[in-house]
Amino acid sequence: MSDLTVSAAIDAIYASIKNDNEDLDTHIAALKAAMAREGVKEATFQTAKLAQGNRQGRKLMQAYFRKKGVAVGFTD
């Protein structure tokens, strides 16, 4: 899992969210490692692919990912 790209790690997180957050922490750790390798400062997610794309859902996701050391941004 250490050779994932940032986009592949984000896709894995989308799949995890769809599967009731199954292995989410593992996917976040993989995303954090991929971001460090690629020099990316913020992971960008599409709100349409989230379970809760509203403001409350986005803020909850940002807070959880921040605890794990990952900055999150959103696009429409």
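These legends walk through several close-up views of one predicted model. Residues are numbered from 1 along each chain as its sequence is written, and side-chain values use heavy atoms, with hydrogens and water left out. Because this is a predicted model, local features need pLDDT of at least 70 and side-chain atom pairs count only at pLDDT 80 or more, while totals for chains, interfaces and linings use all residues.

**View 1. Tyr 14, Phe 45 and Phe 65 form a cluster linked by ring pairs.** Rings of Phe, Tyr and Trp (its six-membered ring) pair if their centres lie within 6.5 Å; planes under 30 degrees apart count as stacked, over 60 as edge-to-face and the rest as tilted. By this rule there are 2 aromatic pairs. Helices (H or I, at least four residues) and strands (E, at least two) are DSSP runs, numbered from the N terminus. Phe 45 also pairs edge-to-face with Phe 65, at 5.7 Å centre to centre and 75° between the planes. Phe 65 belongs to helix H3 (residues 55-67), so its pairing with Phe 45 in S1 ties together parts that are 20 residues apart in sequence.

**View 2. Phe 45 is buried and has contacts in several places along the chain.** Its relative accessibility is 0%, where buried means under 20% relative accessible area, exposed over 50% and partly exposed in between (1.4 Å probe, protein chains only). Tyr 14 is buried too, at 11%, and so is Phe 65, at 2%. Contact means heavy atoms within 4.5 Å. Leaving aside residues up to four places away in sequence, Phe 45 touches Ile 10, Leu 31, Met 61 and Val 72, among others.

**View 3. The largest nonpolar core has 18 residues.** Such a core is a set of buried Ala, Val, Leu, Ile, Met, Phe, Trp, Tyr and Cys residues joined through side-chain atoms within 4.5 Å. Ile 10, Ile 13, Leu 31, Ala 43, Phe 45, Phe 65 and Val 70 touch the most other members. H1, helix H2 (24-38), S1 and H3 each supply at least two residues of this core, and H1 gives the most, with 6 residues.

**View 4. The loop between H1 and H2 holds Asn 21 and Asp 23.** Asn 21 has phi near 60°, a positive value in a residue other than glycine. Asp 23, likewise not glycine, has a positive phi near 55°. Asn 21 is partly exposed, with 42% relative accessibility, and Asp 23 is partly exposed at 46%. Ser 16, in helix H1, is buried, with a relative accessible area of 2%. Not counting residues up to four places away in sequence, Ser 16 touches Asn 21, Glu 22, Asp 23, Leu 24 and His 27.
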